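Morning, everyone. Please have a look at the model on the screen, and then I'll walk you through it.

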Amino acid sequence: MGKKLLFIGANRKYINPSTDLIIQCIAANYKIHFFGPGFSTEESLNRGIEKFVEERGPYDMIVFDCYLLLFDIILSRKTPFSSELINFSKECYAKHIPPLLGFVKKYEGKTCLIANMDIYGIKQKQIDLVEQTSNIIIDISMAKLTMEEKADKFGYSNQSLKNQMKGFWDGAGNDNWVNFLKEKRSSTVRLPHAVQLDEFSYVPIGQRKNIFAVPGARYAERKQFYRYLTLNQRFLKNKHLLTDRAYFLTKKSLSLKMYTEIRNRYITEIKNSKYCYVSGSLHRSPVRKYFEVPALGAVPVGQIFESFDELGFEDGTNFLVIEDSSTLEQLMASYPLEQSQKIVEKAQELILAQHTVLSRHKQIRETFDKIFSGSFEGSSWQQGRYFHF
């Protein structure tokens with residue numbers, strides 16, 4: 001009989017679909033049930049997780065994400081779900097998540113955390129909860145270096161950029177998560193962001209109307225490249241900044257219409273551009289844009305990030321590294337259109353081979369089979385290839 005898993009958490013959809021994609025890959029490999037706000041009826045939630053497991057279980061593994069561990073932080077926000085498409089109320093989340101967390105803490109079987117969260121803002125309290133609840137960790141951050149180690153490796157020198165090293169929630173960033181993972185290498189599944197097959201575009205860069213784009217949030221290093229955008233591109237960025245900010249301040253959650261608009265706007269920006277600047281903030285994180293931009297057929301231009309070589313990226317072959325915004329025009333001039341198109345093709349080859357949901361589907365299956373057999377001892381990446389031990 002095949003393995004049976006239970007996902008415990010809240011049914012939500014974020015602009016970044018990485019958690020959803022991991023869950024889909026697990027569901028494609030194993031029979032999986034779902035329980036929690038947005039997944040279950042109010043009646044079922046009131047009856048409790050113990051009754052659900054008694055009737056539908058037993059399970060070979062419990063899977064959950066950060067919304068089970070960070071509920072107190074999430075609820076402390078004025079509009080905790082304003083940037084998400086949800087199927088539950090704030091009151092439902094506040095009522096039912098604590099007992100679900102209590103169940104996982106007491107659970108004696110295998111448990112797996114999908115750790116897709118702001119790892120630099122996480123407090124020791126949450127690290128302790130991870131320790132109490134998680135046998136296995138699927139880590140999307142690929143983080144291995146402390147802030148000091150990153151500063152030494154990447155040579156931070158601009159104080160204004162150093163001031164950006166803050167967690168998304170509050171306070172300065174910290175090394176809590178990185179230090180925790182250093183002790184948990186044998187139980188960590190290192191799987192970065194992935195893209196879906198329908199996210200690929202093969203329109204040649206010579207047919208794209210914009211020369212350059214800077215998609216995503218206004219990180220300090222990204223704003224330095226805004227001067228290369230056209231006046232219309234800058235106007236649209238400022239317009240969307242104001243309208244989105246007003247929306248998030250007044251709405252409790254995303255509507256399907258707004259979710260679709262934001263996602264389509266972002267994809268269109270990349271698909272219409274020859275070159276796209278990508279970066280992972282001063283943390284040098286491999287954010288999803290490093291995978292989305294080449295998939296959508298633009299030349300990825302940007303900062304080197306932690307695990308750059310491990311994940312298969314190579315400067316001048318499938319990526320163009322730039323650390324100083326003043327050298328962008330010189331860099332692009334060094335790579336004529338035909339050569340730039342070859343970089344896109346090589347980048348797409350890498351993403352298709354190693355960083356799609358099909359790749360993650362296989363990687364998760366092989367890894368989970370080792371976990372279930374009791375032989376899993378960790379994972380790593382080398383030159384774009386995933387290895388489990």
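First, the ground rules. This is a predicted model: local features need pLDDT of at least 70, side-chain atom pairs count only at pLDDT 80 or more, and totals for chains, interfaces and linings use all residues. Residues are numbered from 1 along each chain as its sequence is written, and side-chain values use heavy atoms, with hydrogens and water left out.

Now the overall shape. The C-alpha trace of the protein chain spans about 65 × 50 × 40 Å along its principal axes. Of its 389 residues, 55% count as buried, meaning under 20% relative accessible area with a 1.4 Å probe, protein chains only.

Next, the inside. A nonpolar core is a set of buried Ala, Val, Leu, Ile, Met, Phe, Trp, Tyr and Cys residues joined through side-chain atoms within 4.5 Å. The largest one has 48 residues. Which members touch the most others? L5, I26, I114, I138, F313 and F368 do. A second, separate core has 44 residues, including L70, Y93, I137 and F180.

Back to I114. Contact means heavy atoms within 4.5 Å. Leaving aside neighbours within four places in sequence, I114 is in contact with residues including F7, I26, D65 and I138.

How far apart in sequence are contacting residues? Take contacts between residues at least 6 apart: 75% join residues at least 24 apart.

Last, two helices. L352, A353 and Q354 in α15 meet S359, R360 and Q363 in α16. Helices here are DSSP runs (H or I, at least four residues), numbered from the N terminus. Thanks.

Technical notes:
Buried < 20%, exposed > 50% of the residue type's maximum accessible area, 1.4 Å probe, protein only.
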